[in-house]
Amino acid sequence: MTKTVTLREAWSGEANCTHCSLRASVLFAGLQQADFERIHDPIDQFTLKPGAYLYRTGDAGEHMFTVRSGTLKLVQYLPDGSQRIVRIARSTDVLGLEALLDEAYHHDAIALHATEVCRFPARLVRDLGQNNPDLHRELMTRWQRALTEADAWLTELSTGSARQRVARLLLRLVRDRETSQCQLFSREDMGAMLGVTTETASRTIAEFKRQGLLVETSPNHFLLDIPNLRRIAED
């Protein structure tokens, strides 16, 4: 279900609250009163079910998105039709930056879990960024963050043994969190993230569970043995 709010409400936290990722992400934190007086575009808030598409490769890039909660995968397809997950997006991440250049979307963005997002016109952000140095600087920071994350996926999750790759992925899922608990994806998705077969991803997770490196607290939710996973990742 889509809920429409104003950018002012999203920015101030009035639209569903103090935990709004638009507010926490400070993407619009540099806006001034004069900026709001020129804004008439609404912000759309909605929830995607697991497996639902936020956008598809080649779709016209008219909007940008911020993730309020949940997780999405960004997918590219190889010539043989197989898929490769090149990045995951989580709370406070901004998607659709290519829309700022009037480009079509470069990936399929698909919800891995129930995911709440906010959608706002790229044209609005582009216009504001031209006149607001703080917003422009934050957009550049977001762009660099996306590039850094893509580089990390290429170097950390596409090299080394299957055990190393799985350990590195698990550690990334709890990075910057106060808890070692994480929710895993399907083994097919894990294989597509790591460049290994579904069977290899499943076998490695089963091995980690037997060794106590993963403790299942509820279906597909695990507590991680971070010190020992880090030793495997850095081997």
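These legends describe close-up views of a predicted model.

**View 1. Four strands line up in an open sheet.** The order is S3-S8-S5-S6, and the pairing is antiparallel. Strands of a sheet pair through backbone hydrogen bonds, either parallel or antiparallel.

**View 2. Strands S3 and S6 stand at the edges of the open sheet.** S3 covers residues 53-55, and S6 covers residues 83-89. Each has a single partner strand, so one side of each lacks a neighbour in the sheet. Neighbouring strands here are turned by 30° against each other on average, direction ignored.

**View 3. Strand S3 meets strand S8.** Two bridges join the pair, which runs antiparallel. S8 spans residues 108-111. Tyr 53 stands opposite Ile 110 in S8.

**View 4. Helix H7 packs on the sheet.** H7 is made of residues 187-194. The helix touches strand S5 (72-77) and also S6. The directions of H7 and S6 make an angle of about 95°.

**View 5. Strands S11 and S12 form a hairpin.** S11 runs over residues 214-218 and S12 over residues 221-224. Four bridges join these antiparallel strands. Ser 218 has His 221 in S12 as its bridge partner. Two residues lie between the strands. In the turn, Asn 220 has a positive phi of about 65°.

**View 6. Cys 118 and Cys 182 are buried.** Cys 118 counts as buried because its relative accessibility is 0%, under the 20% cut-off. Cys 182 also counts as buried, at 4%. A disulfide is a covalent bond between the sulfur atoms of two cysteines. The structure holds zero disulfides.

Conventions
Residues numbered from 1 in each chain as written. Predicted model: local features only at pLDDT ≥ 70, side-chain atom pairs only at ≥ 80, totals over all residues. Heavy atoms only, no water. Disulfide = S-S within 2.5 Å. Buried < 20%, exposed > 50% of the residue type's maximum accessible area, 1.4 Å probe, protein only. Pairing = 2+ DSSP bridges. Axes fitted to C-alpha atoms, helices over the stretch in contact; angles between N-to-C directions. Contact = heavy atoms within 4.5 Å.
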